[in-house]
Amino acid sequence: MKANDIQGINELYGAISGAAGNIIITAHIRPDGDAMGSSLAMMRYIRSIGRQAFIIFPDMYPENLGFMVRPSETGFIISAEDDFGQASELFGDAGLVICLDFNRIAENRCGRLASLVGDFGGPRVLIDHHPGPELERFSLAFSETEISSASELLFSILTGMPGIEGDAGKLPDGAGEALFTGMTTDTNNFANSVFPSTFRMASALLEAGVDRDGILQHLYNEYKENRLRILGKMLEEMTITDDGVAYMIMDRRTIGKFGIMEGETEGFVNLPLSVGKVRLSCFLKEDDGFLRVSLRSKKGVSANRCAAEFFNGGGHEQASGGRLYIPGDIRDISEAAAYVERVTHIFMNRNNGQGI
């Protein structure tokens with residue numbers, strides 16, 4: 001269902017206003033700006049029409065996105081990793097679950113929440129922009145891929161709600177800021193996955209008074225010194241292959257040495273694409289039993305297909321992610337570089353180097 005489907009929007013409004021219990025909003029593991037922005041905007045809307053809502057993330061949002069949350073809202077945002085008991089209790093009392101920014105009810109997307117979301121006996125709503133959604137598992141689904149972010153998709157839905165009816169200035173207090181922030185992060189500040197509708201959304205929110213300069217200050221100018229120093233190290237050690245592939249590998253020792261927290265390496269994968277000959281960028285970060293893999297590509301090279309075929313993942317055509325398992329895919333991190341070079345050589349030399 002598209003975001004401008006009036007019947008679907010009315011169904012969603014009826015599901016929210018008529019839910020038999022509290023409403024739960026959830027998003028993917030390691031919530032990023034888009035997951036945060038869409039979740040907060042949804043909660044603020046639900047509370048504005050007199051219903052109670054809780055955001056339950058699989059794990060806690062990163063510290064650098066904490067500015068998005070108001071002090072009065074902290075009690076309504078729960079991490080299942082930190083308090084699975086409370087999360088289970090809230091699911092047991094819920095009348096509606098709204099899933100944002102993920103397409104499948106699976107552990108690699110929902111973490112520990114996969115069982116709670118999957119076993120929930122009431123209606124589930126999906127609002128997502130990733131390809132391949134499990135539409136059959138949702139009572140109502142808004143799914144579009146030709147859109148920048150879940151935040152943009154939700155913007156279209158909320159502005160179609162009764163009482164708002166296309167006027168972004170009538171969005172609940174703080175909802176516009178959350179949506180603008182989510183869209184900004186998922187487009188890398190309008191650098192990728194941007195559509196005409198994205199600029200229309202931005203214009204409408206700016207006209208409604210959203211402070212873009214303030215949002216950009218929080219997002220990009222309040223990092224700790226350690227982020228810049230580890231970025232310098234990663235760029236110095238970056239490898240660029242003859243196939244036009246750049247890759248950087250961050251091991252746990254380096255993460256510990258620089259004191260890097262969740263979210264502080266956001267955007268690293270985009271930087272190698274500024275090199276003219278680089279068409280695919282890979283950033284690998286060591287975790288417990290696997291390497292997280294982020295992929296970005298220039299037009300004509302499918303990061304999504306590369307992630308799906310070689311990195312146990314997927315996503316968007318030019319922005320995707322996945323995992324490299326230890327010892328499933330490689331024996332240890334020392335083999336990661338050779339693996340990346342081997343599989344990307346295969347990938348980039350298909351179909352006259354188009355990487356598809």
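Author: We will go from the whole chain down to single residues. This is a predicted model, in which local features need pLDDT of at least 70 and side-chain atom pairs count only at pLDDT 80 or more, while totals for chains, interfaces and linings use all residues. Residues are numbered from 1 along each chain as its sequence is written, and side-chain values use heavy atoms, with hydrogens and water left out.

Reader: Thanks! How many helices and strands does the protein chain have?

Author: Helices (H or I, at least four residues) and strands (E, at least two) are DSSP runs, numbered from the N terminus. Here the protein chain has 13 helices and twelve strands. Its radius of gyration is 20 Å, close to the 21 Å that the globule rule gives for 356 residues, so the chain is as compact as a globular protein of that length. That radius is taken over C-alpha atoms, and the rule is 2.2 Å times the number of residues to the power 0.38.

Reader: What share of the residues is buried?

Author: Buried means under 20% relative accessible area, exposed over 50%, and partly exposed in between (1.4 Å probe, protein chains only). In the protein chain, buried residues make up 52% of the 356.

Reader: And how should I read contacts in the protein chain?

Author: A contact means heavy atoms within 4.5 Å. Among contacts with a separation of 6 or more, 64% are between residues 24 or more positions apart.

Reader: Let's turn to the backbone. Which residues does a cis peptide bond join?

Author: The cis bond joins Ile326 and Pro327, with omega about 10°. Pro327 sits in the loop between strand S12 (319-325) and helix H13 (336-348).

Reader: Which residues have a positive phi although they are not glycines?

Author: Arg30 is one of them, with phi about 45°, and Phe190 is another, at about 70°. Arg30 lies in the loop between strand S1 (22-26) and helix H2 (33-48), and its 25% relative accessibility makes it partly exposed. Phe190 is in the loop between helix H7 (175-186) and helix H8 (196-207).

Reader: Last one: is Ala307 buried or exposed?

Author: Ala307 is buried, because its relative accessibility is 0%. Its place is in helix H12 (residues 303-310). Beyond neighbours within four places in sequence, Ala307 has contacts that include Leu295, Asn312, Ser320 and Gly321. Glu317 is ten residues from Ala307 in sequence and 9.9 Å from it in space, C-alpha to C-alpha.
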